[in-house]
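Visitor: Please take a close look at one hairpin in this protein. I would like the setting first, then the turn itself.

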Amino acid sequence: MSKPTVNHDLCIGCGTCESLCPEVFKMEEGKSHAIKEDCADCTCCQEAADSCPVNAISIE
Ligand code: F3S
C-alpha cells in the first residue's frame with residue numbers, strides 16, 4: 001500500500017499536485033488534501049510528490 005500524505009505545515013498551496021494528479025490531490029482552503037488512502041495503482045502520485053516545490057508530499 002502507498003499512502004499519500006500532505007504536510008500542511010509545508011504546503012504553500014501551489015496546486016501542482018492537483019494539476020498533475022487530481023484523482024489523489026484536491027485543493028481545499030489553500031492547501032492540498034490527499035483524497036485517496038492508497039495510490040499504489042496510480043502513476044501520477046509519485047510524479048506529483050516529486051514535483052512539489054516544497055516537498056510537502058510523502059508516500060509511505
Ligand atoms: Fe501544496 Fe506541494 Fe501540492 S505546495 S498544493 S502539496 S504541489
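**The hairpin and its setting**

Guide: Buried residues make up 30% of the 60 residues in the protein; buried means under 20% relative accessible area, exposed over 50%, and partly exposed in between, with a 1.4 Å probe and protein chains only. The model is predicted: local features need pLDDT of at least 70, side-chain atom pairs count only at pLDDT 80 or more, and totals for chains, interfaces and linings use all residues. Residues are numbered from 1 along each chain as its sequence is written, and side-chain values use heavy atoms, with hydrogens and water left out.

The protein has two helices and four strands. These are DSSP runs numbered from the N terminus: H or I of at least four residues for helices, E of at least two for strands. Along the sequence the order is β-α-β-β-α-β. The C-alpha atoms fill a box of roughly 25 × 15 × 15 Å along the principal axes. The radius of gyration is 10 Å, which agrees with the value near 10 Å for a compact globule of 60 residues. That radius is taken over C-alpha atoms, and the globule rule is 2.2 Å times the number of residues to the power 0.38.

Now the hairpin. Strand S2 covers residues 25-28 and strand S3 residues 31-34; the two run antiparallel, joined by four bridges. Two strands pair if DSSP finds at least two bridges between them. Two residues lie between S2 and S3.

Look at Glu28. This residue belongs to S2. Opposite Glu28 stands Lys31 in S3. Glu28 counts as partly exposed because its relative accessible area is 42%. Its C-alpha atom is separated by 18 Å from that of Pro53, 25 residues apart along the chain.

Next comes Glu29. Glu29 lies in the loop between S2 and S3. Its phi is near 50 degrees, a positive value in a residue other than glycine. With 84% relative accessibility, Glu29 counts as exposed.

Compare Asn55. Its phi is also positive, about 50 degrees, although Asn55 is not a glycine. The setting is another loop, between helix H2 (44-51) and strand S4 (57-59). Asn55 counts as exposed, at 57% relative accessibility.
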